[in-house]
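I opened my notebook to look around one protein model, one feature at a time. Here is what I looked up and what I wrote down.

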Amino acid sequence: MKFISKNLATGVFSLAALIAQAQQKQADIDKKVEALISKMTIEEKVGQMAQVTLDVIGKGGNRYAAAQPFQLDPAKMNDLFTKYHIGSVLNTSANTALTTKRWYEVISEIQKTSLKTDRNKIPVLYGVDEIHGATYTDGATMFPQQIAQGAARNPKYTELGAAITAYETRASNIPWTFSPVLDLGLDPRFSRMWESFGEDPYLCSVLGAAMIDGYEGKDNNIADPYKIASCMKHFLGYHATISGKDRTPSYISIDALREYHLPSFKAAVDAGSRTIMINSGIINGVPVHANYDILTKLLKEELGFKGLVVTDWADIENLHRRDRVAATDKEAIMLAINAGIDMSMIPYNYEVFCDNLTALVKEGKVTEERINDAVRRILKVKYALNLFEKPNTHYKDYPKFGSKEHEKAAYDMAAEAITLLKNEGNVLPLKKTTKVLVTGPNANSMRTLNGAWTYSWQGDRVELHAAKYNTILEAVQNEIGKQNVTYVPGVSYKMDGHYYDEYADKMDEAVAAAKNADVVLLCLGENSYTEKPGDMNDLYMSDLQTELAQKIAATGKTVILILNEGRPRVISKFEQQMKGIVQTYLPGNFGGDALADVLFGDVNPSGKLPYTNQRYPNAPIGYIHKPSEQQKKAEGVYNYEADYNPQYLFGHGLSYTTFEYKDLKLGKNAIKKGENIQVSVTVTNTGKVTGKEVVHLFTSDLYASSVTPDVKRLRRFEKIELKPGESKTVSFTLNPADLSYIGRNGETLLEAGDFEIAIDKLKAQFSMTE
């Protein structure tokens, strides 16, 4: 006992020492920041608040497109840093991925010029959208996109993927990523749904915090040369547009905003994320970039966010030019900065921002105190990244860049994400002697496996960088031998057009080839897209792909539908004819290999849908909904029955083994308000192969007094692995916050009453008393 007590005391002392060291380090930074601010002119402070895109300081071309191959222009840099004191640069040039060596050359020259010309010796903060790997670096490890990570339901893998991304981003001499996306993937029409972890606030909160831990470390020590500053985005409610199109208006009640959209950001603030990017859209008629209530009162004051608030692309300009809440650019700048914006992603015409903001301060329309607050937040991030002492990181110090170790992590994540939606007659896994036809527009494309933000913005240059990896076709050939595989595209994408442009490509030949195959692997989905170019008007799978599916099915052959898409396109026109359905999402460079291993039984699938897969375009009801959405048939004259009819439910995902749930137990049948409640359940692998299972715990508040309660909500999940015949008891603790809800006025309510716990098909009730 003495030994245990001594070690416990030592541990407590060590923790206290670490906390004291961190506090002292922060105090030292605070002193340096205040000393620096006291010496800066208004022009220098305003410059720190400005961020431009790389093309602005490139040779040749114009400000919007530098000549290629990219070269820095000393004269442009001199104007940028000497006259305007610009504090941040983002992006790559011409949407082109660079090597680690070239990134080092470009950014180190930028830092050198800035430090040489700036009397305060303030380094530049460089940021890039590194959202599923070091996305703009040639040879970097590309992980599955966030929607696939939501399906994997494995926070350890998400954290590891982010840690590897941080390592490879620093190997590229870049210290800041615009990630993670914490918006809810609620609407399958939305072009950035796949950048989310899914439709559930708790799922997004857990995986978002895990990603931040990977980027910044659990201690948020971003001075570590293997860590980077994260940027949670897009605050707040970005995906919840009425039209389903990017950057269009949303109408979100205060209770919905706080109940569904806020939790993932609160979790990220609590996880210590250093920066945040703002929603480009409009909520209830007010552009978020001009919304003081959201940016200052909610984010900075209520949530206590102490970090850097950055705009999205050109969004201060948009207040004037698009949203028309400001008559001039100058007024737009005043609105945004006074609302709480710290840094403007300009991205081109920096003079407009800098000159006007400087004038606004001198006119008293923006206070110098507000400017100091913004600059203080920016400088603290730069100091935290250790940029003042080490403005560059060298690629030679990162020997694991693109290594087999990193690639294995990307493969493992893809393998855990792939979701088996249908397996009629246990048609899967296939035997390795099976003769297969591989067809469809997604069968032989690395672009579709990765999606956008991969080597370029729209992902249209993936094939230039990813030739050494395996498409679905190539992975299947490697798995069972080329002699067992026939390939006919049937439909192909027009790679030089819109993401939805496609053409019939030997469709009749594909149908004929199906007759000679044992099984058809039908690879459908979408080409890569993001943001406005990814807007859509029809959720059904495209006409040509639907035609191919129906014709292939009409041959009578066994068809396995392989979906490779960023959002769930509606497949009800041919779903019933498919014997098996596998959803790969956007699994990255190793998605083809992982899929082949799932199809032929080397990997037992364990992914679970991170969204609701709707059956019809006009029935987009998520799993979080109100009781009125699924009413039973009413008695009497009027029938008010509600048809809740998803194709596949949130959390659905099959395995090659079977799991039995039993002994759902609650710690108490009645608790007092404010108490925790313990929940446990036993899960057994009743099949013949080892498998992984995600145990989901849902709660239902049976009655609420302020707003009608949701039918159910996810509160906990855990992924476990069981051998055949093995059992495990999984335990959870629910706290009062899990049983609370947001009332109509935005207040958090915890009410006495009856609650229901559901795990798989098991249910149990308990009551809460005052």
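These are my entries, grouped by topic.

**Entry 1: the backbone**

First a reminder to myself: this is a predicted model. I started with the backbone, keeping in mind that most residues other than glycine have a negative phi, and most peptide bonds are trans.

Which residues are joined by a cis peptide bond with omega of about 10°? I found Ser179 and Pro180. Pro180 is in the loop between strand E4 (176–177) and helix H7 (201–216).

I noted another cis peptide bond between Phe235 and Leu236, with omega at about 20°. Leu236 belongs to the loop that runs between strand E5 (231–235) and helix H8 (254–261).

Then I looked up phi. Arg324 is not a glycine, yet its phi is positive, near 60°. I found Arg324 in the loop between helix H11 (315–321) and helix H12 (329–339). Is Arg324 buried or exposed? Its relative accessible area is 70%, so I put it down as exposed.

Tyr585 also has a positive phi, about 60°, and is not a glycine. The loop between strand E18 (580–583) and helix H21 (591–599) holds Tyr585.

**Entry 2**

I traced an open sheet of five strands, in the order E4-E3-E2-E1-E10, with parallel pairing. Which strands stand at the edges? They are E4 and strand E10 (344–345); each has a single partner strand, so one side of each has no neighbour in the sheet.

Next I zoomed in on strand E2 (residues 88–90) and strand E3 (residues 125–128). The two run parallel and are joined by three bridges. I wrote down that Ser88 is opposite Leu125 in E3, and that Leu90 has Gly127 of E3 as its bridge partner.

In a regular strand the side chains alternate between the two faces of the sheet. With that in mind I checked the faces of E3. Leu125 and Gly127 are on one side, Tyr126 and Val128 on the other, and all are buried, so both faces of E3 are covered.

**Entry 2: aromatic rings**

A pair of aromatic rings is described by the distance of the centres and the angle of the planes. How many aromatic pairs are there? The count is 21 aromatic pairs.

I took Trp176 and Phe178 as one example. Their ring centres are 4.9 Å apart and the planes meet at 65°; edge-to-face needs over 60 degrees, so this pair is edge-to-face. Trp176 is buried, at 0% relative accessibility, and Phe178 is buried with a relative accessible area of 0%.

Phe190 and Tyr238 went down as another edge-to-face pair, with centres 5.4 Å apart and planes at 90°. Phe190 is in the loop between E4 and H7, and Tyr238 is in the loop between E5 and H8, so this pair ties together parts that are 48 residues apart in sequence. I marked both Phe190 and Tyr238 as buried.

I also found a cluster: ring pairs link Trp194, Tyr499, Tyr500 and Tyr529.

**Entry 3: charges over rings**

What sits over the ring of Phe650? I found the charged end of Arg153 there, 5.0 Å from the ring centre. Lys233 lies over the face of Trp453, at 6.0 Å from the ring centre.

**Entry 4: two helices**

Two packed helices are described by the angle between their axes and the distance between the axes. I looked up H12 and helix H13 (residues 350–362): they pack at an angle of about 70°, and their axes are 9 Å apart. The range for roughly perpendicular is 65 to 115 degrees, so H12 is roughly perpendicular to H13. I noted the crossing of H12 and H13 as right-handed.

My last stop was Ile164, in helix H6 (residues 155–170). Ile164 has a relative accessible area of 6%, so I wrote "buried" here too. I then looked up Ile164 with Glu407: they are 243 residues apart in sequence, and their C-alpha atoms are 9.7 Å apart in space.

Note on methods: Residues numbered from 1 in each chain as written. Predicted model: local features only at pLDDT ≥ 70, side-chain atom pairs only at ≥ 80, totals over all residues. Heavy atoms only, no water. Helix = DSSP H or I, 4+ residues; strand = E, 2+ residues; numbered from the N terminus. Buried < 20%, exposed > 50% of the residue type's maximum accessible area, 1.4 Å probe, protein only. Pairing = 2+ DSSP bridges. Phe/Tyr/Trp six-rings, centres within 6.5 Å; stacked < 30°, edge-to-face > 60°. Lys NZ or Arg CZ within 6 Å of the ring centre and 35° of its normal. Axes fitted to C-alpha atoms, helices over the stretch in contact; angles between N-to-C directions. Parallel < 35°, antiparallel > 145°, perpendicular 65-115°, else oblique. Left-handed = near helix turned anticlockwise from the far one by under 90°.
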